Each structure stands twice: as C-alpha cells, then as structure tokens.
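Here is a short briefing to read alongside the structure. Take a moment with the view below, and then we will walk through it topic by topic.

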Amino acid sequence: MAIAKAERLMNLALCLLGTRRPLSKRELRDSIEAYVEAFGPGNGATGSDDSFNRMFERDKDDLRELGLVIETVENLDGEVGYLARRDSNRLPPITLDAEEAAALGLAAKVWQQARLAGAASGALQKLRAAGLPEDVDPYGSHGALEPRIPVHEAAFEPLMLACRDRRPVAFDYRKATAAHPEQRHVEPWALECWRGHWYLAGWDRDRGAERVFRLSRITGKVRSRGGRYTAPVPDVVTVRETVASWAGEVADRSARIRLRAGAGYPLRAKATSVRELGEGWDELEIPYGHGLDAWLVEFGPDVIVLEPAELRADVVDRLRAVAKG
C-alpha cells in the first residue's frame with residue numbers, strides 16, 4: 001500500500017513538472033494510471049468524482065509537504081489547472097568541502113546490505129553530479145576501521161518502512177524467558193543498533209506502555225495494521241535513551257559476577273573492579289541496568305552471577321528457556 005501511494009505521488013509530480021501549461025483535474029485523472037484504475041476516466045459517476053477529488057487533494061497536499069511548489073492557475077474559461085514550474089522547484093547549488101564529503105562517504109559505507117547500499121550509492125552519485133568536489137573520493141579510506149551495521153533480521157526492512165510511514169504493526173515476539181512467542185501490537189517509533197543488535201522502540205498497545213523489542217526475537221512476518229497512532233512519538237534523543245536503558249546501557253547499581261579468565265572481554269571493559277580468584281576465575285563488579293541479564297546469557301558457562309539475587313534468577317530463567325528451545 002505504501003509503495004503504491006509513493007508511485008502515485010511520483011507520477012503526479014512528474015506530470016506537474018513535465019507540463020508546459022496547467023493541467024486540469026480531469027486531465028491529470030486521465031493521465032495517471034493509478035487514478036484511472038481506481039476511479040475510471042474523468043467522465044465517471046458523481047460518487048467516483050467525489051472520491052477522486054478527495055484523493056487528489058490529499059496527494060497534492062502531500063507533495064507540497066514534501067517541498068514541491070504547485071501553482072494553481074485559472075484560465076480564461078474559469079477552469080482551474082495545476083503545474084509545477086521547474087525553475088520554482090530547482091535545488092540551489094550544492095557545495096561540499098572535503099570533510100563533508102568524507103562524512104557522507106563514511107555514512108554510505110556503513111550500509112552494506114543490498115537494499116540500502118544501492119540507495120546510498122545512488123545518492124552520492126547524484127551529489128557528485130550536483131557539485132561534489134571532483135578531487136574528493138567519498139568512498140576512499142578514512143581510517144583503519146571499516147564501519148558496518150549488520151542487518152540480518154527479516155523484520156528490519158518492514159519495520160524501517162513502518163517507522164517512516166508511521167504505520168502500526170503486529171508481529172510474534174519471543175521473550176528470552178518464554179518458550180513460545182506471543183503476538184504484539186506496536187506503534188513503531190524508531191530502530192536503534194546497540195552492541196551489534198537491532199532494537200525497535202515503540203508503544204505497545206496491548207500493555208499501554210513504551211517497550212523495546214530486539215529484532216532477533218521477532219518470529220514470522222511483520223504485518224501492517226490500519227489506524228492512527230494513539231500515543232505521541234517522542235523525539236529522537238528520548239527514543240535513544242529508552243533503547244539504551246532497555247539494552248543495558250544505563251545502569252543505576254552494581255552487580256558482582258564470576259568470569260572465566262581469558263573470556264568476556266566486553267564485560268571486562270565495563271567492569272569497575274576486577275579481582276583474581278585463582279583456578280581460572282576472576283571476580284568483576286559491573287554496572288547493572290535493564291538488559292544486563294540478556295547480555296550475560298550470551299557468555300554462557302563463562303559467567304556466574306554472584307549478586308544481586310534477582311539478576312542471578314533472571315539469568316537462570318533465560319538459560320532454562322534457551323535449554324528448552
């Protein structure tokens with residue numbers, strides 16, 4: 001549905017940009033395939049005319065919100081026509097210095113997935129054609145590290161589109177402590193990547209509260225749902241803080257764990273103190289926030305939680321769920 005609307009808006013924009021004279025609603029209706037398929041030719045029934053008029057006005061408003069300057073012109077016969085003059089819709093010259101070009105190239109290299117890499121590459125090619133300095137290679141080496149954001153989950157793309165289009169979704173989600181998934185109805189806000197894992201932040205309609213979902217635990221297809229959002233969408237900074245908290249980045253207390261010597265280097269990097277116990281084990285004190293139990297489970301038998309007791313119980317529950325499959 002979102003793709004069909006985008007195609008319809010693109011065709012309408014091309015018609016308005018490509019004409020040298022104002023086009024009437026009837027002419028636009030007969031020229032755009034999506035309008036003809038939905039409502040028939042311009043001499044249709046009154047009901048179809050009303051439906052077309054409502055859709056056309058919405059499409060015109062959407063294009064104007066996207067920045068297209070559409071003029072309304074009345075001819076000598078009193079008929080109203082529309083056009084988008086190219087000189088009114090031409091971007092100003094784009095000038096980028098070497099640092100800005102390098103930043104764009106670095107951002108493009110982050111996305112190495114098939115569906116996203118092509119768009120990033122195409123955008124940089126258009127920027128070069130519009131004025132990107134010829135002596136700057138946006139894909140050139142910018143250091144020893146090669147940035148990557150892995151996207152292996154099938155849920156990523158439909159959720160990314162749902163966040164962009166502000167569309168509620170439904171999906172089956174398996175919590176780490178549950179043996180079977182359950183359906184969740186969510187108003188998606190944004191996708192964030194923490195510690196190499198993707199998370200979705202949004203409003204859980206079933207629980208009436210904000211929630212964060214790890215994409216690797218979403219099973220089956222992400223399904224779109226109709227209707228508008230029922231909860232306000234926070235700003236980007238607030239959403240990132242929410243994800244950071246749920247992903248274990250925000251800690252308000254400490255935990256003591258036993259860690260096998262030579263293992264768990266990410267945990268050691270977070271530790272506030274490390275004490276050798278001998279016999280191949282060390283004792284660490286690490287920040288304890290939401291999501292720490294899920295992180296500790298990833299280290300398997302190399303980690304033993306000493307305290308607090310609630311964290312130990314959560315880790316044991318997660319390990320049992322994993323063992324049950």
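This is a predicted model: local features need pLDDT of at least 70, side-chain atom pairs count only at pLDDT 80 or more; totals for chains, interfaces and linings use all residues.

- Helix α11 covers residues 309-324, and at 1.5 Å a residue its 16 residues should span 22 Å; the end C-alpha atoms are 23 Å apart, which agrees.
- Pro 308 sits in the loop between β12 (303-307) and α11.
- The peptide bond that joins Glu 307 and Pro 308 is cis, with omega about 5°.

**The chain as a whole**

- The protein chain holds 11 helices and 12 strands.
- It has 325 residues, of which 34% count as buried.
- Taking contacts between residues at least 6 apart in sequence, 55% join residues at least 24 apart.

**The largest nonpolar core**

- In soluble globular proteins, nonpolar side chains tend to be buried together.
- Here the largest nonpolar core has 17 residues, and those with the most contacts inside it are Leu 12, Leu 16, Leu 28, Tyr 35, Phe 56 and Leu 63.
- Two or more residues of this core come from each of α1, α3 (33-39) and α4 (46-65).
- Which residues does Leu 63 contact, leaving aside its neighbours within four places in sequence? They are Leu 9, Leu 12, Ala 13, Leu 16, Leu 68 and Ile 70.

- Ala 13 belongs to helix α1 (residues 2-18), and its relative accessibility of 11% makes it count as buried.
- Not counting residues up to four places away in sequence, Ala 13 touches Leu 63 and Leu 68.
- With residues up to four places away in sequence set aside, Asp 59 touches Arg 8, Leu 9, Leu 12 and Tyr 35.
- Ala 13 and Asp 59 are 46 residues apart in sequence, and their C-alpha atoms are 9.5 Å apart in space.

**Aromatic pairs**

- A pair of aromatic rings is described by the distance of the centres and the angle of the planes.
- With ring centres within 6.5 Å as the rule for a pair, the count comes to 9 aromatic pairs.
- In one of them, the rings of Tyr 173 and Phe 213 have centres 5.1 Å apart and planes at 85°, so the pair is edge-to-face.
- Tyr 173 lies in strand β4 (residues 169-173) and Phe 213 in strand β7 (residues 209-214), so this pair ties together parts that are 40 residues apart in sequence.
- Both Tyr 173 and Phe 213 are buried.
- The rings of Trp 295 and Phe 299 have centres 5.9 Å apart and planes at 65°, so this pair is edge-to-face too.
- Trp 295 counts as buried at 11% relative accessibility, and Phe 299 counts as buried at 16%.
- Ring pairs also link Tyr 35, Phe 39, Phe 52, Phe 56 and Tyr 82 into a cluster.

**Cysteines**

- A disulfide is a covalent bond between the sulfur atoms of two cysteines.
- How many disulfides does a search of the whole structure find? It finds 0.
- Cys 15 counts as partly exposed at 21% relative accessibility, whereas Cys 163 is buried, with a relative accessible area of 9%.

**Positive phi angles**

- Arg 166 is not a glycine, although it has a positive phi of about 55°.
- Arg 166 lies in the loop between α7 (156-165) and β4, and its relative accessibility of 38% makes it count as partly exposed.
- Glu 279, also a residue other than glycine, has a positive phi near 55°.
- The loop between β10 (273-278) and β11 (281-289) is where Glu 279 lies, and at 81% relative accessibility Glu 279 counts as exposed.

Key:
Residues are numbered from 1 along each chain as its sequence is written. Side-chain values use heavy atoms; hydrogens and water are left out. Rings of Phe, Tyr and Trp (its six-membered ring) pair if their centres lie within 6.5 Å; planes under 30 degrees apart count as stacked, over 60 as edge-to-face and the rest as tilted. Helices (H or I, at least four residues) and strands (E, at least two) are DSSP runs, numbered from the N terminus. Buried means under 20% relative accessible area, exposed over 50%, partly exposed in between (1.4 Å probe, protein chains only). The expected span of a helix is 1.5 Å times one less than its number of residues. Contact means heavy atoms within 4.5 Å. A nonpolar core is a set of buried Ala, Val, Leu, Ile, Met, Phe, Trp, Tyr and Cys residues joined through side-chain atoms within 4.5 Å. A disulfide is a pair of cysteine sulfur atoms within 2.5 Å.
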